[in-house]
Amino acid sequence: MSAPSVLMLVGAVFVAVFAGTAGRTLPSLLRARRHGFGTPADEATFRALHTISRASPSLRAGLTRESARRAARHLRALLGAEAVALAAVRHADDDAGADADAEEADGELLVWDGEGGDRHSAGAACQARPVLNGGRPRVLTPDALTCDDPACRIRVGMLAPLTVEGRVTGVLAVYGPSASAARVRAVGEVARWVAGQLELAELDSSRARLAEAEMRALRAQISPHFVYNSLTTIASFVRTDPERARELLLDFADFARYSFRNPRDFTTLADELRSIDRYLLLERARFGDRLHFSVEVAPEVLPVAVPFLSLQPLVENSIRHGMEGARTEFHIKIVARDAGPEATISVEDDGVGMDPERLRGILSAGALSPGPGRDRGGAGIGLANVDERMRQVYGDEYGLTVETAPGAGTKVSLRVPKYRPGVFPD
């Protein structure tokens with residue numbers, strides 16, 4: 001491991017890129033890549049950026065044996081090291097007792113990448129333990145890395161903590177023939193970058209848990225009153241129209257099977273509309289001629305992937321809120337159209353409408369927070385939940401668009417990309 005490698009590759013990233021390499025921007029560096037770099041610093045900057053981009057996806061999966069294995073070789077290349085090791089806190093077994101938390105944490109070697117693994121990897125976990133417990137960097141001298149092989153280039157080790165949300169979760173260990181203040185600082189900078197990626201991984205995990213909680217909230221919104229009213233309506237037809245009672249019971253079974261199955265992140269627009277059709281047939285049996293609905297769908301958007309239960313809550317919210325206090329006919333119109341790279345979907349009703357200020361309160365409060373609109377059997381949870389999920393999946397520009405006013409009905413519109421990497425039903 002040579003000093004120029006560390007200083008040029010790591011220093012170029014954390015100094016040249018962000019402070020500017022002689023006033024040159026990243027696009028100019030990329031253009032220079034095609035025509036030949038003007039300086040060695042430019043070349044080092046590009047190599048470092050490329051290596052970082054290769055390591056990031058693995059680290060965003062969290063600190064596991066597999067992610068460490070995938071990332072270690074890129075970290076070794078970034079630092080120009082003879083070997084790189086990643087260690088993590090060994091989690092105590094559940095039956096170890098509550099006192100285990102009070103003891104010092106043991107280190108667990110996740111990966112050793114590079115030369116000398118047969119001679120030095122066995123002691124890497126013990127060497128990482130002081131860093132895991134103290135949270136301070138450590139330099140291992142040749143005395144601590146004794147080796148019988150005179151040709152072995154691993155003579156020193158530089159260990160830096162990986163601190164995530166204020167707690168040390170792992171250690172980055174870098175090994176080579178010598179150490180210097182510049183090299184130690186470089187290892188520390190890379191460790192802080194790795195820790196940042198791990199924090200993003202935890203954020204992704206938190207979002208996944210939030211999505212599960214939101215799915216539970218959506219299912220809770222499928223009101224017990226709807227279930228009770230549907231079964232009561234079906235029962236009323238058992239004697240007078242047994243065939244219709246049978247059909248409605250099958251519709252209810254199909255709707256329940258779709259809504260309460262093991263959740264998938266995505267389904268097709270066709271499946272979502274099929275579930276909505278069953279729901280509306282049940283509500284039509286309950287409200288009779290007061291409820292009218294129409295569906296207009298472009299055939300080419302039927303296979304488009306949409307988040308599971310992203311449309312049904314909008315239709316349910318429309319009926320529960322829009323029909324409130326209405327004595328005349330109530331119309332719902334669902335439209336799905338092809339819009340080039342996107343599918344546009346709208347759910348429109350001619351009901352009582354809503355005060356825009358109240359609507360803003362519903363959407364800003366969030367699906368799982370108490371706020372305006374939560375006092376009427378959960379009205380508004382569906383709107384807020386779908387809005388949050390659309391923003392999380394596709395970006396803030398894909399949130400719901402709602403047009404409403406008191407007495408003017410409500411129109412909820414959303415856009416769904418026809419193709420997005422990783423967004424497809426199973």
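Tutor: What follows begins with an aromatic pair and then turns to backbone angles and surface charge. The model is a predicted one, and a search of the whole structure finds three aromatic pairs. F255 belongs to helix α9 (residues 242–259) and Y279 to helix α10 (residues 269–287), so the contact ties together parts that are 24 residues apart in sequence. F255 is buried, with a relative accessible area of 1%, and Y279 is likewise buried, its relative accessible area being 1%.

Turning to the backbone, L309 is not a glycine and yet has a positive phi of about 55°; this residue sits in the loop between β8 (305–307) and α11 (312–322), where L309 counts as buried because its relative accessibility is 1%, under the 20% limit. E165, also a residue other than glycine, has a positive phi near 55° and is placed in the loop between β4 (156–164) and β5 (167–176), but E165 is exposed, with a relative accessible area of 54%.

As for surface charge, E329, E348, D350 and E403 form a negative surface patch. Of its members, E403 lies in strand β11 (residues 401–404) and, at 48% relative accessibility, counts as partly exposed.

How values were computed. Residues numbered from 1 in each chain as written. Predicted model: local features only at pLDDT ≥ 70, side-chain atom pairs only at ≥ 80, totals over all residues. Heavy atoms only, no water. Patch = residues over 30% accessible without salt bridge, like charges linked within 9 Å, V, L, I, M, F, W, Y side chains within 5 Å. Areas by Shrake-Rupley, 256 points an atom, 1.4 Å probe, with all protein chains shown as cover. Salt bridge = Lys/Arg side-chain N within 4 Å of Asp/Glu carboxyl O. Lys, Arg positive; Asp, Glu negative; His and termini not counted. Charge placed at Lys NZ, Arg CZ, Asp CG, Glu CD. Helix = DSSP H or I, 4+ residues; strand = E, 2+ residues; numbered from the N terminus. Buried < 20%, exposed > 50% of the residue type's maximum accessible area, 1.4 Å probe, protein only. Phe/Tyr/Trp six-rings, centres within 6.5 Å; stacked < 30°, edge-to-face > 60°.
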